Amino acid sequence: ILHNSSSSQKVATVKIEKVSGGAQVTYETYRTWRLNSIDLFVGEFTDVPLNFLTGDVLTNQFPYQQSFDEGLKITTVFIPDSVIGKNACISAHATISDITSSGNGSSGWALGTKITAVDQAMWNGFKLKDCSVAQLV
């Protein structure tokens, strides 16, 4: 479940599914929320890009990024087996907006364990063999 960082409101789901040759990670928004961009990291936890001075996670260095001129309700990213490894972690971020509001939008993270004490970024561990269709919560 992707939560709006500013209000803790549930705004989307992030699902991972085993497919031939890898995994699909799907972001899908609820109600009137739309995806403006996504940042996705899949790999070893020790490889999550960090600013070592501040402890902030550097989403702009996540290997999977997409931006959408007109907000999308759903998007899917394919991750090859060679990237995932045996025990992977996933960190899913998105910038979002509510089509019923004229505000600038917000950002959100898939719920999980905090990566650092000073940042809102979260991660989840998974084993691909266990992912028939697993919703990240």
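Visitor: How many aromatic pairs does the count come to?

Guide: The count comes to two aromatic pairs. Rings of Phe, Tyr and Trp (its six-membered ring) pair if their centres lie within 6.5 Å; planes under 30 degrees apart count as stacked, over 60 as edge-to-face and the rest as tilted. This is a predicted model, where local features need pLDDT of at least 70 and side-chain atom pairs count only at pLDDT 80 or more, while totals for chains, interfaces and linings use all residues. Residues are numbered from 1 along each chain as its sequence is written, and side-chain values use heavy atoms, with hydrogens and water left out.

Visitor: Why is the pair of Phe41 and Phe62 called tilted?

Guide: The ring centres of Phe41 and Phe62 are 5.9 Å apart and the planes stand at 55°, so the pair is tilted. Phe41 lies in strand S4 (residues 33-43) and Phe62 in the loop between S4 and strand S5 (64-72), 21 residues apart. Strands (E, at least two residues) and helices (H or I, at least four) are DSSP runs, numbered from the N terminus.

Visitor: What makes the pair of Phe62 and Trp109 edge-to-face?

Guide: The planes of Phe62 and Trp109 are at 70° and the ring centres 6.3 Å apart, so this pair is edge-to-face. Trp109 belongs to strand S8 (residues 106-110), 47 residues from Phe62. Phe41, Phe62 and Trp109 form one aromatic cluster.

Visitor: Why does Phe62 count as buried?

Guide: Buried means under 20% relative accessible area, exposed over 50%, and partly exposed in between (1.4 Å probe, protein chains only). Phe62 has 3% relative accessibility, so Phe62 counts as buried. Trp109 has 8%, and therefore counts as buried. Phe41 is buried as well.

Visitor: Is Ser37 buried or exposed, and why?

Guide: Ser37, in strand S4, has 14% relative accessibility and therefore counts as buried.

Visitor: Which side chain does a polar contact join to that of Ser37?

Guide: That of Thr95, at 2.5 Å. A polar contact is a pair of N or O atoms within 3.5 Å; within protein, one must be able to donate a hydrogen and the other to accept it, and residues adjacent in sequence count only if both atoms are side-chain atoms. Leaving aside residues up to four places away in sequence, Ser37 touches Gln66, Ser67, Phe68, His93, Ala94 and Thr95; contact means heavy atoms within 4.5 Å.

Visitor: How many helices and strands does the protein have?

Guide: The protein has one helix and 11 strands. Of its 137 residues, 44% count as buried.
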